[in-house]
Amino acid sequence: MKYFLLIAAFNTIILIACNNANSTTSKSENNVETKKETPVQETNTTTPVKDILTGYIQLKNALIADNGSDAAAAGNSMVGAFQKFDKSILAGNQKKTYEDVEDDAREHAEHIGKNGGNITHQREHFDMLSKDVYELVKAFNAGQALYQDSCPMYNGGKGATWLSETKEIKNPYFGKKMPSCGMVTEELK
Amino acid sequence: MSLIKKILLGFLIVMMAIQFIQPARNKNGQVMPTDISKTVNVPGNVLAVFKTACYDCHSNNTRYPWYVNIQPVGWMLAHHVKEGKEELNFSEFGSYSARRQISKLRSIENSIRDGSMPLGSYTIIHRNAQLTKEEKALIINWARLAKDSLFNRK
């Protein structure tokens, strides 16, 4: 009897210990389809990667505003955009680039979607995601004015890049702490 | 019998009953051709840290301590292994696209620097999986070098 009680108590402790490590990350998966209302500059030209790019820009703007839950919603809408993307029509370099980028980028977007409560972690994935979206834009064209920006301070001084629809620098890695770190390194058209 | 005793007894019966539901084991015993050590250079001391602190959840070979026979401990571990392997599987690293391999190395570096890995619920029990300062620096430096070597190969 005593022995079983001990095991039962032990079980309960483990249950509690294991669960609280997870509870912070597994929220906010509920809104894959919700489009956020952040206005994105629209132009007439379209590009096959438009939805992906729209989600990316929403994500970037949410990070500039230090808003983890908006960032998560934008991450989820990027996941949706990847799911809807019709890659059967692609050929040549576009096909190659898309296939190279897809898994990686979608995984980053998923992580950002799941980590609404951890903006530091979202930014780590945003750093890697930005490189993927850059490759997509290079292969498919942006369909709108777009700039690649770079801030040398993120990442322990190793620097990081991002894409922006405005020429003015607003830093998504530091948010309000250091909004002006960075410069335009490339104008994408 | 008092109410408390009845509740306790009921709890015990449930606990005993669930002991018969054992999750499948994650153990394949061989080094796969897609193992990380076949893709990038992993020095012995780095591999040793991964094996002690990460492989239980991030490879095809989990070492099972005796108490995983007690449920729900075994279920929790099985759940972590499933989730952990989806994120990163050292045994299948070689099957990832080049881009994903680089991302995973970055994520390893980040997770060590942030202290998010190994999971706290794991190091509570596996004290030797708690990384020392030196071990952390070792992994971070290795991840950077390995990432650069993959970049150059691309």
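In this predicted model, Lys87(A) touches Tyr98(A) and Glu102(A), leaving aside residues up to four places away in sequence. The side chain of Lys87(A) forms a polar contact of 2.9 Å with the side chain of Glu102(A).

**Lys87(A)**
- Lys87(A) lies in the loop that connects α3 (68-84) and α4 (92-114) of chain A.
- With a relative accessible area of 36%, Lys87(A) is partly exposed, because this value falls between the limits of 20% for buried and 50% for exposed.
- Between Lys87(A) and Tyr98(A) the separation is 11 residues in sequence and 7.9 Å in space, C-alpha to C-alpha.

**Strand β2 of chain A**
- Five of the five residues of β2 (residues 160-164) are buried, and the strand is mostly covered.
- Ala160(A), Trp162(A) and Ser164(A) point one way from β2(A), while Thr161(A) and Leu163(A) point the other way.
- In a regular strand, side chains alternate between the two faces of the sheet.
- β2(A) runs antiparallel to β1 (residues 146-151) of chain A, to which five bridges join it.
- Opposite Leu163(A) in β2(A) stands Gln148(A).

**Helix α8 of chain B**
- The 21 residues of α8 (residues 133-153) should span 30 Å at 1.5 Å a residue, which agrees with the 31 Å between its end C-alpha atoms.
- The buried residues of α8(B) are Ile139(B), Ile140(B), Trp142(B), Ala143(B), Ala146(B), Lys147(B) and Leu150(B).
- Viewed down the axis of α8(B), the buried residues fall within an arc of 165 degrees, so they line one face of the helix.
- Lys133(B), Glu134(B), Leu145(B) and Asn152(B) are exposed on the other side of α8(B).
- The cover over the buried residues of α8(B) includes α2 (36-39), α3 (44-53) and α6 (98-114) of chain B.

Key
Residues numbered from 1 in each chain as written. Chains lettered and ligands numbered in written order. Predicted model: local features only at pLDDT ≥ 70, side-chain atom pairs only at ≥ 80, totals over all residues. Heavy atoms only, no water. Helix = DSSP H or I, 4+ residues; strand = E, 2+ residues; numbered from the N terminus. Buried < 20%, exposed > 50% of the residue type's maximum accessible area, 1.4 Å probe, protein only. Contact = heavy atoms within 4.5 Å. Polar contact = N/O pair within 3.5 Å; in protein donor to acceptor, adjacent residues only side chain to side chain. Pairing = 2+ DSSP bridges. Expected span 1.5 Å × (residues − 1). Arc of directions from axis to C-beta.
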